[in-house]
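Have the model open while you read.

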Amino acid sequence: MEHIVTVQDAVTAFAEWMEPTDAELDAIEAEMPAILADVEELDVRIALLDRAPSELDQRRARRGRHRVLAARVVIANRASEVA
């Protein structure tokens with residue numbers, strides 16, 4: 001019996017670029033605080049989509065935005081130290 005595969009599967013079945021490199025994984029790990037802060041901020045925004053935000057909700061949104069900015073500042077400072 002002959003196996004039939006698509007051209008894409010035949011060409012990319014063992015391509016080196018299919019898995020992330022160690023450098024890419026390190027970059028993701030370095031940016032993980034910013035990624036998690038973004039996710040938390042999105043959670044707050046999603047929760048506020050279906051209701052009028054109260055004062056507490058507005059504070060949560062501001063704190064989430066500040067966490068995102070603080071995480072990005074840390075990453076930018078770390079990148080400028082390396083360069």
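How are α2 and α3 oriented to each other: roughly parallel or roughly antiparallel? They are roughly antiparallel, a label used for angles over 145 degrees, while under 35 counts as roughly parallel, 65 to 115 as roughly perpendicular and the rest as oblique.

## What you're looking at

This is a predicted model, so local features need pLDDT of at least 70, side-chain atom pairs count only at pLDDT 80 or more, and totals for chains, interfaces and linings use all residues. Residues are numbered from 1 along each chain as its sequence is written, and side-chain values use heavy atoms, with hydrogens and water left out.

The protein chain has 3 helices and 0 strands, and its pattern along the sequence reads α-α-α. Helices here are DSSP runs of H or I with at least four residues, strands are runs of E with at least two, and both are numbered from the N terminus. Of the 83 residues in the protein chain, 13% are buried. Buried means under 20% relative accessible area, exposed means over 50%, and partly exposed is in between (1.4 Å probe, protein chains only).

## How α2 and α3 pack

Two packed helices are described by the angle between their axes and the distance between the axes. For α2 (residues 22-47) and α3, that's an angle of about 165 degrees, with the axes 9 Å apart. The axes are lines fitted to C-alpha atoms, for helices over the stretch in contact, and angles run from 0 to 180 degrees between N-to-C directions.

Contact means heavy atoms within 4.5 Å. By class, the contact of α2 with α3 has 9 nonpolar, 1 polar and 9 charged residues. Ala, Val, Leu, Ile, Met, Phe, Trp, Tyr, Cys and Pro count as nonpolar, Asp, Glu, Lys and Arg as charged, and the others, Gly among them, as polar.

## The nonpolar core

A34, A37, V68, A71 and I75 form the largest nonpolar core, with 5 residues. α2 and α3 each supply at least two residues of this core, and α3 gives the largest share, 3 residues. A nonpolar core is a set of buried Ala, Val, Leu, Ile, Met, Phe, Trp, Tyr and Cys residues joined through side-chain atoms within 4.5 Å.

Look at V68 next: leaving aside neighbours within four places in sequence, V68 touches A37, D38 and E41.

## Charged and partly exposed spots

E41 sits in helix α2 and is buried, because its relative accessible area is 8%. Beyond neighbours within four places in sequence, E41 is in contact with G64, R65 and V68. R63, found in helix α3, is 22 residues from E41 along the chain, and their C-alpha atoms are 8.5 Å apart. At 43% relative accessibility, R63 counts as partly exposed.

D57 is in helix α3 (residues 55-82) and, at 8% relative accessibility, counts as buried. Leaving aside neighbours within four places in sequence, D57 contacts L48, R51 and A52.

V73 is also placed in helix α3, and its 46% relative accessibility makes V73 partly exposed.
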